[in-house]
Amino acid sequence: MSRKKRKSRGAARAKADRTEGTLGEWLRILLIWGGLFFLIRFFVLQTFVIISGSMMNTLLLGDFLVVNRAAIGSPIPGTSIRIPGYSSPKRFDILVFDPPHEENMMLVKRLIGLPGDTLEMRDKTLYINGSVANEPYAQHSPASPDHSDIRMTWQTPFLVPGEDADSYRPSRDDWGPIIIPPDNYFMLGDNRDESQDSRYWGLLEGWRLEGRALFIYYSYERGTMTPFPWLRRIRWDRIGDRIR
């Protein structure tokens with residue numbers, strides 16, 4: 001074999017090795033980024049879209065939220081194992097969670113009742129451990145009459161001692177006093193007259209908590225008849241707002 005041919009084959013082999021090395025490098029990069037995305041998505045941050053008015057005016061239809069899963073711990077997908085968080089759920093946190101009354105569904109509400117709390121509502125006024133709660137975020141509609149709901153009978157076993165369970169008739173605006181048992185939480189929507197929350201479907205077990213809402217990263221006027229509202233009806237003033 002001539003020197004020219006050997007040189008040509010050597011160059012071709014070197015080029016093939018470089019191509020193979022480049023492909024291998026890109027594959028390693030993709031695997032690393034894929035692993036990082038998986039870790040961040042399932043254990044650190046997730047996103048959530050507001051599709052109902054139960055948290056108005058704190059959160060509006062069309063708000064896109066970033067949710068911190070690491071704060072209060074996150075479940076490992078497909079298992080019953082939960083990674084501990086660096087903090088505990090705090091009263092008045094706005095949390096995303098898996099509700100007990102419907103599978104494959106996520107909700108966002110405000111944490112009102114912690115384990116051991118005594119909660120009561122009288123004529124729309126919330127009492128926590130006997131004191132009136134300061135709730136500047138709570139919205140009420142004078143035109144929305146109070147009503148009872150058979151689903152609220154779940155509260156009866158949790159009435160404070162001395163309350164007459166037989167005559168207990170809870171309603172949307174008048175219920176309690178009830179005691180929150182260990183590792184359970186009571187969630188309410190800020191738009192009190194239009195929220196399906198713990199008053200109706202019951203207490204929330206701690207393992208159902210998914211994360212704490214952090215800030216709004218995008219927002220548009222959802223439901224408007226304007227074509228392409230996600231592009232033409234952006235709420236620029238809400239983007240970046242911290243959720244509290």
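Which strands each supply at least two residues of the lining of the largest pocket? The answer is S1 and S6, and the views below show where these strands sit. Keep in mind that you're looking at a predicted model.

**View 1. The largest pocket and what lines it.** About 210 Å³ of space lies in this pocket. Its lining is made of 14 residues, and the ones nearest the centre are Ile51, Ser52, Ser54, Met106 and Leu107. Strand S6 gives the most to the lining, with three residues. Sort the lining by class and you get eight nonpolar, four polar and two charged residues.

**View 2. An open sheet of seven strands.** Follow the strands across and you'll read the order S1-S2-S13-S5-S6-S11-S12, with antiparallel pairing. Strand S1 (45-49) and strand S12 (204-205) stand at the edges with a single partner strand each, so one side of each has no neighbour in the sheet.

**View 3. Strand S5 and its two partners.** Let's zoom in on strand S5 (residues 94-97). Four bridges pair S5 with strand S6 (residues 107-113) in the antiparallel sense. On the S13 side, S5 is paired over three bridges, again antiparallel. Leucine 95 is a handy landmark here: its opposite number in S6 is lysine 109, and in S13 leucine 95 stands opposite arginine 212.

View 4. Strand S2 (residues 63-68) and strand S13 (residues 209-219) are joined by six bridges and run antiparallel. Look for phenylalanine 64, whose bridge partner in S13 is tyrosine 218. Those two residues turn up again in a cluster, where ring pairs link Phe64, Tyr217, Tyr218 and Tyr220.

View 5. In one of them, phenylalanine 97 and tryptophan 201 have ring centres 5.8 Å apart and planes at 50 degrees, so the pair counts as tilted. This pair links distant parts of the chain, as phenylalanine 97 belongs to strand S5 and tryptophan 201 to helix H2 (residues 198-201), 104 residues apart. Are the two residues buried or exposed? Phenylalanine 97 has 0% relative accessibility, so it counts as buried. Tryptophan 201 counts as buried too, because its relative accessibility is 12% and the cut-off for buried is under 20%.

**View 6. A charge over a ring.** Here's a contact between a charged side chain and an aromatic one. Arginine 110 lies over the face of tyrosine 137, at 3.8 Å from the ring centre.

**View 7. An open sheet of four strands.** This sheet has the order S9-S8-S7-S10, and its pairing is antiparallel. Strand S9 (131-132) and strand S10 (175-179) are the edge strands, each pairing on one side only. Strand S7 (residues 118-122) is joined to S10 by three bridges, with the two strands running antiparallel. To find your place in this pairing, look for methionine 121, which stands opposite tryptophan 175 in S10.

Methods
Residues are numbered from 1 along each chain as its sequence is written. This is a predicted model: local features need pLDDT of at least 70, side-chain atom pairs count only at pLDDT 80 or more; totals for chains, interfaces and linings use all residues. Side-chain values use heavy atoms; hydrogens and water are left out. Two strands pair if DSSP finds at least two bridges between them. On a 1 Å grid over the protein atoms alone, a cavity is a set of points where a 1.4 Å probe fits but cannot get out, and a pocket is an open set with protein on both sides within 12 Å along at least five of seven lines; lining residues have an atom within 4 Å of a point. Grid points are joined across faces, edges and corners, and a volume is the space filled by probe spheres set on the points. Ala, Val, Leu, Ile, Met, Phe, Trp, Tyr, Cys and Pro count as nonpolar, Asp, Glu, Lys and Arg as charged, and the others, Gly among them, as polar. Rings of Phe, Tyr and Trp (its six-membered ring) pair if their centres lie within 6.5 Å; planes under 30 degrees apart count as stacked, over 60 as edge-to-face and the rest as tilted. Buried means under 20% relative accessible area, exposed over 50%, partly exposed in between (1.4 Å probe, protein chains only). A charge sits over a ring if NZ of Lys or CZ of Arg is within 6 Å of the ring centre and within 35 degrees of the ring normal.
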